[in-house]
Amino acid sequence: MTERETEGVTESVAGRVANTSAGRMRAADSEAGKNDRFRDGCGIFGVYGARRAAELVYFGLYALQHRGQESAGIVSSDGTCVKGHKGLGLVSDVLTAEVLTGLPGHLAIGHNRYSTTGRTTLENAQPLLVNYQGGKLAIGHNGNLVNARELRGKMEAGGSIFQTTMDTEIIAHLIAHSRGRWIEKKLKDALSEVKGAFALVMMTENKLIGACDPRSFRPLCVGKLGNGWCLASETCALDIIGAKYVRPVKAGEMVIIDEGGMRCVQALKSSGKAHCIFELIYFSRPDSTVFGESVDKVRRKLGRTLAEEAPAHADFVMAVPDSSNSAALGFAEGSGLPFELGLIRNHYVGRTFIDPVQRVRDQAVRVKFNPVRDILRGRRVVIVDDSIVRGTTSKKLIRLIRKAGAREIHFRVGSPPIVGSCFYGIDTPSRTKLIASSHSVRQIAEFLEVDTLAYLSMRGLRSCVSRPDDYCYACFGECYPEPVGNGGGKMALEGNRR
Ligand code: SF4
């Protein structure tokens, strides 16, 4: 491991980046964006008022590892001294016991990154720690700003210098430029300039601050830990440290936590909520509560509703593990069919397996999933998956299952066909790569070589959440709640590098 220190932040690279697990993932992802999944944006977590807050943040990040595996970092403060460490790799690679010992204090924030703006480089790892006139400020961001290119262009024209290619740095610049006297006002000024999706955890020397965009695209919640407080992307991060879930941070709300306790202000006027429905379909852990909804309960409802809408004559129901488990259990409940473990997932390959060499690329699905032949042989099966993006992984899986002896395959999808890309903090292939943007359900069934194929309807999806009008469904119908303009995509700010 190599280590260097800049501005109170130590940075580490576990071996050559390309040789870390995260490095391998990114290397392959960047290969023409071949990922066949929507990919989470980031996980954020903050703790105020606990002994050795950085250690608690470590555990929180560990629970949120599924939200980002490229880089991890923590910044902590004892009230005067702010220190940070970040690096490329998984939480356990980057944040070693030795690193945590060097991060003292009762206040800390942390971040797991999956890049949705900017490349996977050490300087783009978060939290971003900056010095400005008011002192030190650290920021962890989940989401994407849709006006990042425009704002950065203006700032650069005015002489601002950027260290990273992340949209998050724009927020730091806007805070520094604000004439507000206090951090709350500076932040309010800054956030009223940016558009798009942001759930933020931030800290100064002595304050922990959380904020959500006016539509609350990405989740952020408040937890209580003894006399202290936490902010987290998902409640599974609160559970792991024994904190109690209090409530979600509201759309446009800013939460300030310091020695006086917690204060909440409506910093930005909410223009109607647009929570990402995909958090409930796929991204978040089933043991979490996000946007006030139990993820497992919603997924089971998705499965039950799908069973009502598109029943199948089959012997049993199986999931594409793990993200589809709850929906498949719901389908089994709704259809009265037994649930079987027809596929076993290798948990040691992470969310994405990267083939070391091109010629064994087709092995990737095999490495991640193995069919259970004795269960599948001669049987009629319903396979439930959460979504189909390009369709290439589903096709390989179906071939595996067919080869293992399944007599009939009925594919059921726990969401409507995906026809549009996301601009709000989820890494998605371009529209043309989305199979449903150019193929009918019948054509997709032929491509996948399944006996029958059915997707959940939009109406069915909406019926599974408590407040259906509070969600974004743009990837299913291209009706974008926040104008996306010409954001330029994930690498939009890379063009600004000299
Ligand atoms: Fe979520 Fe899709 Fe909306 Fe993006 S476009 S925020 S993935 S629902």
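**Exercise 1. Find the residues that glycine 292 is in contact with, leaving aside its neighbours within four places in sequence.**

Step 1. Glycine 292 is in contact with Tyr245 and Pro248 once those neighbours are set aside; contact means heavy atoms within 4.5 Å. This is a predicted model, in which local features need pLDDT of at least 70, side-chain atom pairs count only at pLDDT 80 or more, and totals for chains, interfaces and linings use all residues. Residues are numbered from 1 along each chain as its sequence is written, and side-chain values use heavy atoms, with hydrogens and water left out.

Step 2. Now place the residue: glycine 292 sits in the loop between strand E17 (289-290) and strand E18 (293-294). Helices (H or I, at least four residues) and strands (E, at least two) are DSSP runs, numbered from the N terminus.

Step 3. Glycine 292 counts as partly exposed because its relative accessibility is 44%. Buried means under 20% relative accessible area, exposed over 50%, and partly exposed in between (1.4 Å probe, protein chains only).

**Exercise 2. Decide whether valine 194 is buried or partly exposed, and list what it touches.**

Step 1. Valine 194 lies in the loop between helix H7 (183-191) and strand E9 (199-203).

Step 2. With 7% relative accessibility, valine 194 counts as buried.

Step 3. Not counting residues up to four places away in sequence, valine 194 touches Leu145, Asn147, Leu151, Ile171 and Leu174.

Step 4. Asparagine 144 is 50 residues from valine 194 along the chain, and their C-alpha atoms are separated by 9.9 Å.

**Exercise 3. Describe how helix H6 (residues 168-177) packs with H7.**

Step 1. Two packed helices are described by the angle between their axes and the distance between the axes. Here the axes of H6 and H7 cross at roughly 125 degrees and come within 8 Å. Axes are lines fitted to C-alpha atoms, for helices over the stretch in contact, and angles run from 0 to 180 degrees between N-to-C directions.

Step 2. H6 and H7 are therefore oblique to each other (under 35 degrees is roughly parallel, over 145 roughly antiparallel, 65 to 115 roughly perpendicular, the rest oblique).

Step 3. The crossing of H6 and H7 is right-handed, meaning that the near helix is turned clockwise from the far one by less than a right angle.

Step 4. On the H6 side, Ile171, Leu174 and Ile175 meet Ile183, Lys186, Leu187, Ala190 and Leu191 of H7. The residues of this contact divide into seven nonpolar, no polar and one charged. Ala, Val, Leu, Ile, Met, Phe, Trp, Tyr, Cys and Pro count as nonpolar, Asp, Glu, Lys and Arg as charged, and the others, Gly among them, as polar.

**Exercise 4. State how many residues of helix H2 (residues 53-63) are buried.**

Solution. Eight of the eleven residues of H2 are buried, among them Leu56, Val57 and Tyr58. In the chain, 60% of the 498 residues are buried.
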